[in-house]
Amino acid sequence: MRISSSQYFSMNVETMSNQQAQLSQIYQEISSGTSLSTAADNPLGAAQAVQLSSTATALSQYSTNQNAALSSLQAEDSTLTGVLSTLQSVNTLALRAGDGGLNDANRSAIAAQLTTLRDQLLTYANATDGAGNSLFSGFQNSTKAFTTDASGAVVYAGDTGTRTVQVTDSNQVATGDNGLAVFMSVGASNAQPIAAGSSANTGTGVIGSVTVNDPTNTANADSYQIVFSGSGSSLTYAINDTSKTPPVAVGTPQPYTEGADITIGGQTVAITGTPAANDTFTVKPANQAGTDVFANLNAMISALQQPVTGNAAATANLQNVMNTGLSQLGNTLNNVTTVQASVGGREQEVQALQAVTQTNSLQTQSSLDDLTSTDMVSTISKYTMQQAALQASQQAFVQIQNMSLFQYIN
């Protein structure tokens, strides 16, 4: 088989061009540090690299979400710590207001302190996170959670939503709690029933706190009214279930004994002092007796601002308001403590997920680097060999070029 000179030259030039291209590709891998530039370099590796790159991007976003969620939860946790401290101060002052040695001026001073604490509590309720989003306004994160109307009542301006953040492909975490759940609700399982006396009472009867003896008694879920009639030794009380329409009498009227337990369903309550005829007292489940902490504080403040010295009936009414306020305050404290415990649990969850996400990110990046990064030792060795092969081809081509019949004839 004969090979023409043009064929020979073409074959050698093509060979050296291929070697030059391979050498250029290897040099590119060394200079860029990347061994996988196009899918043609390694189709299977390219597909794996795309999947790993997508995973790395998702993990990076989850990490960003986790940081944002943790920041919001920490802001709420810190705020709730302030809320609890304020409520405990309110509780201390409310207990002090029951001191029989205080006069009207003393009680008025306590009312002023409670007003300051109420305003402080309102400031906490309108707190924002680092991004300026309201902590307790639900989905209305740009809206101030609570406002005060013309009558001085605190009104919730948010909604019942709970913001959540996707922190992994299968986990969402609530990054806040709405104001209704924190400041205007009571716990479902740890809330105590509320006893109260009517502001229209004219006797000196003071109702104490309710004791739940049988939590399983279904009658505890109803609301009751205790109505007094008669006077002196003939003073009696009747109990009506006001959850029914019309109210239904529970049992028969009973003689009143000061300080003796009055049984209502699975609960007992005691009344001291001497109620007057037509005086009424109520016993209600916590969620039916008023759960707004601001309304509760306003009621105590208003009662303490009224002079009662020398008026036994007014003193009894004040004591009833304070007793009711303390019971409601206890429910609020329990509720906020429960919410804060939930926030702490979510913080721990996010922190644990951060550790897992960081580990997964490192593993994914390592696998991606193994697929796409250049092995410098192997690639430089390959470059040196390819360079030597190219040089050898070039030298051989030069030598063969000089091999000609005319040279032998000459």
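1. At roughly what angle do the axes of helix α3 and helix α5 cross? The answer is roughly 165°. For orientation, α3 covers residues 104-125 and α5 covers residues 293-305, and their axes come within 8 Å. Keep in mind as you look that this is a predicted model.

2. The crossing of α3 past α5 is left-handed.

3. Who touches whom here? From α3, the contact uses R107, S108, I110, A111, L114, T115, R118, L121, L122 and A125. On the α5 side you'll find V293, F294, L297, N298, I301, L304 and Q305. Sorted by class, this α3 and α5 contact has 11 nonpolar residues, four polar ones and two charged ones.

4. The lining of the largest pocket splits into nine nonpolar and nine polar residues, with no charged ones.

5. The second largest pocket comes in at about 270 Å³. Its lining has 21 residues, with A299, A303, N317, N320 and V321 nearest the centre. By class, the lining of this second largest pocket has eight nonpolar, 12 polar and one charged residues.

6. Which elements build that second largest pocket? At least two lining residues each come from β5 (194-197), α5 and α6 (312-372). Of these, α6 gives the largest share of the lining, eight residues.

7. How many cavities of 30 Å³ or more are there? The count comes to one. The largest cavity has a volume of about 60 Å³. Lining the largest cavity are V186, I194, A286, G290, T291, D292, V293, N296, Q328, N331 and T332.

8. As for where the cavity lining comes from, α5 and α6 each supply at least two residues. The largest share is from α6, with three residues. The classes in the lining of the largest cavity are four nonpolar, six polar and one charged.

9. Two backbone details are worth checking on screen. Most residues other than glycine have a negative phi, and most peptide bonds are trans. The bond joining T245 and P246 is a cis peptide bond, with omega about -5°. P246 sits in the loop between β9 (236-241) and β10 (248-255).

10. The other backbone detail is at N278. Phi of N278 is near 75°, which is positive in a residue other than glycine. You'll find N278 in the loop between β12 (267-272) and β13 (280-284).

Conventions: Residues numbered from 1 in each chain as written. Predicted model: local features only at pLDDT ≥ 70, side-chain atom pairs only at ≥ 80, totals over all residues. Heavy atoms only, no water. Axes fitted to C-alpha atoms, helices over the stretch in contact; angles between N-to-C directions. Helix = DSSP H or I, 4+ residues; strand = E, 2+ residues; numbered from the N terminus. Left-handed = near helix turned anticlockwise from the far one by under 90°. Contact = heavy atoms within 4.5 Å. Nonpolar A, V, L, I, M, F, W, Y, C, P; charged D, E, K, R; others polar. 1 Å grid on protein atoms, 1.4 Å probe; cavity = no way out; pocket = protein on both sides within 12 Å on 5 of 7 lines; lining within 4 Å. Points joined across faces, edges and corners; volume = space filled by probe spheres on them.
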